[in-house]
Each structure stands twice: as C-alpha cells, then as structure tokens.
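Have a look at the model below and turn it around a few times. Then we can walk through some of its details together.

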Amino acid sequence: MAALAVVLTLRPATAEDFSGNDLRDIRIGMAVTDLPDTGYTDFACATDASRKLSAWSDWRSCPVGTDQLRALRFGYDPATSKDGTVVAGHPAILTALIDEAGTVAGLKIETDPKARFYLRKKAFLFGPQVKARYGSEGWTCTQAQPDPGEQPVGGVYIKEKCTKTTDERALVVERSLFRQAGQDERSFVDETRVTILRAHS
C-alpha cells in the first residue's frame with residue numbers, strides 16, 4: 001500500500017552554500033585525478049562488488065548507470081582509519097559517482113547494515129548529523145505513515161525523506177526506523193541513506 005506522505009517542514013533554501021569537503025578530502029566537482037592516492041581502499045564497482053578495482057583511476061571499468069554516472073564503491077584504508085570506514089561515528093558504505101568527464105558528480109553514504117548491533121541501532125541518528133553539517137535551514141521533509149505490519153521501535157517510527165538544493169548541491173537524506181510485526185528485539189530496519197549530487201543550473 002502506498003504510504004501517505006506528510007510534509008514536516010517547508011522552508012526556502014538558504015543562499016549560503018556549504019564550503020567544506022563533502023567526505024574527508026573529497027568534494028563534489030573534484031576531478032578523479034585529484035583524488036588522494038592514499039587513505040582509501042577496497043575499490044569495486046557498486047553494481048558488481050566482485051569487479052574489484054586497484055585505484056580511483058579504474059573508474060571507467062564500472063558500467064554507466066541510468067543516471068549516466070559510473071558508481072565506484074570504496075572504503076577507508078585501515079592504515080589511516082583505525083575504526084574502519086566510519087562517517088560521523090557510523091560504519092558506512094561509500095560510493096562515488098563519476099561522470100564521463102572524470103569528475104566526482106556525486107557521493108552516496110549509507111549506514112552499514114552489517115555493523116555491530118550497538119552501532120547499527122543508532123543508524124537513524126546519522127540523518128540529523130548530515131542535515132546539521134549542510135545547514136539546518138532549507139530542508140523539505142516528508143514522513144510516511146506505516147505500511148501494514150510495520151511497527152515503531154521503542155515507541156519511535158521513522159520513514160523520512162528530506163531534500164535540499166543549494167547553488168552547488170542537491171542533497172537527499174532518507175532514514176528509516178521500524179520493525180515488522182513478530183520480529184524480535186534485535187531485528188528491525190534502522191538506516192540512513194545520503195545522496196549528494198552536483199546541482200544542475
């Protein structure tokens with residue numbers, strides 16, 4: 001059954017744009033050739049994890065998606081990140097979206113569903129952290145109503161999608177927290193998915 005969307009906030013986007021990097025030393029609009037040679041590992045095509053790559057420079061080995069971008073999965077090198085691939089305290093799955101000109105046109109950051117339970121149960125908190133980083137103003141959010149069989153977790157139900165567009169970026173933050181009827185206390189959906197794309201004028 002299609003969920004009914006309820007508008008939570010509707011504010012005009014601020015003219016002030018975020019000026020930092022989007023992820024570590026990666027920024028939307030960078031050339032792939034300018035990405036660091038060290039600090040990253042586990043390169044693979046996002047659509048086929050078995051297709052391993054040796055470096056950023058292999059991005060053309062990944063197929064072009066319907067969005068005309070190539071999706072390259074990557075992680076943090078343990079030599080420079082002792083906690084592994086973690087963003088704002090959350091274990092994460094990272095994907096760079098590369099256009100045909102060899103430019104980082106987007107990033108996807110998803111909380112890792114295979115993280116330890118203690119960390120996984122906090123995954124829905126990543127969404128507000130991202131929104132705060134890019135400025136609390138200018139977000140439009142919708143909260144869906146529960147589908148049949150979906151129940152709150154600890155009295156909280158979240159199925160939220162927030163969007164914001166600035167002069168340089170189009171941002172989408174999606175997060176979910178619920179369980180299916182009959183699931184045990186450790187089995188539930190708890191996730192945040194973030195998409196950061198280069199805004200088109």
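What follows is a short tour of strands, salt bridges, aromatic rings and a cavity.

First, some ground rules. This is a predicted model, so local features need pLDDT of at least 70 and side-chain atom pairs count only at pLDDT 80 or more, while totals for chains, interfaces and linings use all residues. Residues are numbered from 1 along each chain as its sequence is written, and side-chain values use heavy atoms, with hydrogens and water left out.

**Strands**

Let's start with β7, which covers residues 104-111. Helices (H or I, at least four residues) and strands (E, at least two) are DSSP runs, numbered from the N terminus.

β7 pairs with β6 in the antiparallel sense over seven bridges; two strands pair if DSSP finds at least two bridges between them. Across this pairing, T95 stands opposite K108 in β7. The hairpin of β6 and β7 has five residues between the strands, and G102 takes a positive phi near 80 degrees there. β7 also pairs with β12 (residues 189-198), again antiparallel, over five bridges. In that pairing, L107 has I196 in β12 as its bridge partner.

**Salt bridges**

A salt bridge here is a side-chain nitrogen of Lys or Arg within 4 Å of a carboxyl oxygen of Asp or Glu. By this rule, the count comes to 12. Here are some of them:

| Pair | Closest N and O atoms |
|---|---|
| R27 and E168 | 3.0 Å |
| K159 and E150 | 3.1 Å |
| E168 and R169 | 3.3 Å |

Take the pair of R27 and E168. R27 lies in the loop between β1 (5-10) and β2 (40-45), and E168 in the loop between β10 (158-165) and β11 (169-180), so the pair ties together parts that are 141 residues apart in sequence. E168 is partly exposed at 37% relative accessibility, whereas R169 is buried at 1%. Shared partners join D22, R27, E168 and R169 into one salt-bridge network.

**Aromatic rings**

How many aromatic pairs turn up in the whole structure? A search finds seven. Rings of Phe, Tyr and Trp (its six-membered ring) pair if their centres lie within 6.5 Å; planes under 30 degrees apart count as stacked, over 60 as edge-to-face and the rest as tilted. F43 and W56 have ring centres 4.9 Å apart and planes at 65 degrees, so their pair is edge-to-face. This pair links distant parts of the chain, with F43 in β2 and W56 in the loop between β3 (48-52) and β4 (70-76). F43 is buried at 7% relative accessible area, and W56 is buried at 6%. Y157 and F178 make a tilted pair, with 5.7 Å from centre to centre and 35 degrees between the planes. There is also an aromatic cluster formed by Y40, F43, W56, F74 and Y76.

**A cavity**

The structure holds one cavity of 30 Å³ or more. On a 1 Å grid over the protein atoms alone, a cavity is a set of points where a 1.4 Å probe fits but cannot get out, and lining residues have an atom within 4 Å of a point. About 40 Å³ of space lies in the largest cavity. Its lining includes H90, P91, L119 and R120.

Notes
1 Å grid on protein atoms, 1.4 Å probe; cavity = no way out; pocket = protein on both sides within 12 Å on 5 of 7 lines; lining within 4 Å. Points joined across faces, edges and corners; volume = space filled by probe spheres on them. Buried < 20%, exposed > 50% of the residue type's maximum accessible area, 1.4 Å probe, protein only.
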